[in-house]
Amino acid sequence: MKSVSAEINYFELKESDNFYPNIENLKREIETNSYDLLLFCNPNNPTGQFIKLEDIKKVVEVCENKNTKIFVDEAFIEFIENWQEKTVSLFKNKNIFIMRAFTKFFAIPGLRLGYGIGFNDEILNKMWDEKEPWTVNTFANLAGLVMLDDKEYIEKSEKWILEEKKFMYKELSEFQYLKAYRTECNFILLKIQNISSASLRDKMIEKNILIRDASNFKFLDYHFVRLAIKDRESNIKVLEALADIMEYRG
């Protein structure tokens with residue numbers, strides 16, 4: 001956006017709302033201003049919140065009246081239970097363009113493989129005219145074809161994330177000096193009290209565990225970190241390290 005000198009305004013997700021967007025306030029913001037584009041991530045990174053389709057529909061209606069296009073980042077949507085019934089693509093709305101990634105659910109960040117979904121031929125043709133001639137390398141193309149047919153991996157991963165995010169939320173909720181926010185994704189946002197996010201990150205690195213200092217996310221500060229949800233053995237190691245560093249666990 002900045003590369004084309006776009007003016008960017010941010011809509012704050014309030015901690016008091018558990019970082020779920022206030023839909024009425026968002027509608028009012030769009031109605032009282034002239035925006036060319038509304039961009040949001042669903043599910044959100046780093047909060048893990050997922051906006052319900054009925055709420056998105058209210059925003060879409062306002063955007064249509066204001067001629068505001070919508071860009072939805074669904075890079076993490078495969079981690080949502082029954083996500084095929086909850087994606088914005090079901091609207092088939094010409095004002096909406098959706099971006100998805102293979103890199104998250106299939107854990108192939110190095111291959112940089114993703115795709116877009118749109119229903120506006122004019123916009124799609126413009127994108128095609130502007131795209132680079134070689135957008136997908138041979139290895140990424142081959143991996144994409146194989147991954148979509150790997151039903152066993154998909155089913156196991158869906159079962160794993162459901163079990164482990166429940167486990168992690170339950171365990172983290174027992175800590176006195178942190179608050180875990182409910183997540184729909186493969187990561188979980190924590191608010192910590194007795195240590196800064198940078199200090200906790202550094203102490204976890206000493207234990208060979210890497211967590212995300214979330215202080216540089218818009219509207220967050222040094223009280224927030226993000227944890228990835230892994231397999232049970234790895235999750236237990238993270239919990240034990242946190243308990244050791246933060247010195248208290250209920």
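Where is Pro46? Select it: Pro46 is in the loop between strand 1 and helix 2. Helices (H or I, at least four residues) and strands (E, at least two) are DSSP runs, numbered from the N terminus.

Before moving on, note that this is a predicted model, in which local features need pLDDT of at least 70, side-chain atom pairs count only at pLDDT 80 or more, and totals for chains, interfaces and linings use all residues. Residues are numbered from 1 along each chain as its sequence is written, and side-chain values use heavy atoms, with hydrogens and water left out.

**Stop 1: two cis bonds**

Stay at Pro46. A cis peptide bond links Asn45 to Pro46, with omega about 25°. Now select Asn42 and Pro43. Their peptide bond is cis, with omega near 5°. Pro43 is in the loop between strand 1 and helix 2.

**Stop 2: the whole chain**

Zoom out. Color residues 2-148 as domain 1 and residues 151-244 as domain 2. These bounds come from an automatic or database domain assignment. The domain centres, taken over C-alpha atoms, are 25 Å apart. At the interface, 23 residues of domain 1 are in contact with 25 residues of domain 2. Contact means heavy atoms within 4.5 Å.

Next select residues 5-241. An unreviewed UniProt entry annotates them as "domain: Aminotransferase class I/classII large". UniProt positions are given in the numbering used here, feature names are shortened, and annotations may be inferred rather than shown by experiment. The span is 36% helix and 16% strand, and its end C-alpha atoms lie 44 Å apart.

**Stop 3: helix 1 and the segment before it**

Select Phe19, in the segment before helix 1. Its phi is near 65°, a positive value in a residue other than glycine. Phe19 is buried, at 4% relative accessible area. Buried means under 20% relative accessible area, exposed over 50%, partly exposed in between (1.4 Å probe, protein chains only).

Move to Asn22. It caps the N-terminal end of helix 1, with a side-chain oxygen 3.3 Å from the backbone nitrogen of Glu24.

Now show helix 1, residues 23-31. Its buried residues are Ile23, Leu26, Lys27 and Ile30. The arc is that of the directions from the helix axis to the C-beta atoms. Strand 1 (37-41) and helix 2 (53-66) are among the elements that cover them.

**Stop 4: the loop between strand 2 and strand 3**

Select Glu74, in the loop between strand 2 (69-73) and strand 3 (96-101). Is Glu74 buried or exposed? At 0% relative accessibility, Glu74 is buried. Its side chain makes a polar contact of 2.9 Å with that of Thr87. A polar contact is a pair of N or O atoms within 3.5 Å; within protein, one must be able to donate a hydrogen and the other to accept it, and residues adjacent in sequence count only if both atoms are side-chain atoms. Leaving out residues up to four places away in sequence, Glu74 touches Asn42, Thr87, Val88, Ile98, Met99 and Arg100.

Lys92 is in the loop between strand 2 and strand 3. Lys92 is exposed, with a relative accessible area of 57%. Its phi is positive, near 50°.

**Stop 5: helix 6**

Show residues 197-206. Ser197, Leu200 and Met204 are the buried residues of helix 6. Seen down the axis, they fall within an arc of 65°, so they line one face of the helix. They pack against strand 6 (187-192), strand 7 (212-213), strand 8 (224-228) and helix 7 (232-246). Just after helix 6, find Asn208, with a positive phi of about 65°.

**Stop 6: the largest nonpolar core**

Select Leu172, Leu190, Leu200, Met204, Leu227 and Leu242. In the largest nonpolar core, of 39 residues, these touch the most other members. A nonpolar core is a set of buried Ala, Val, Leu, Ile, Met, Phe, Trp, Tyr and Cys residues joined through side-chain atoms within 4.5 Å. Helix 7 gives the largest share of this core, six residues. Domain 1 and domain 2 both contribute, so this core lies between them.

A separate core has 19 residues, including Ile30, Leu38, Val59 and Ile96.
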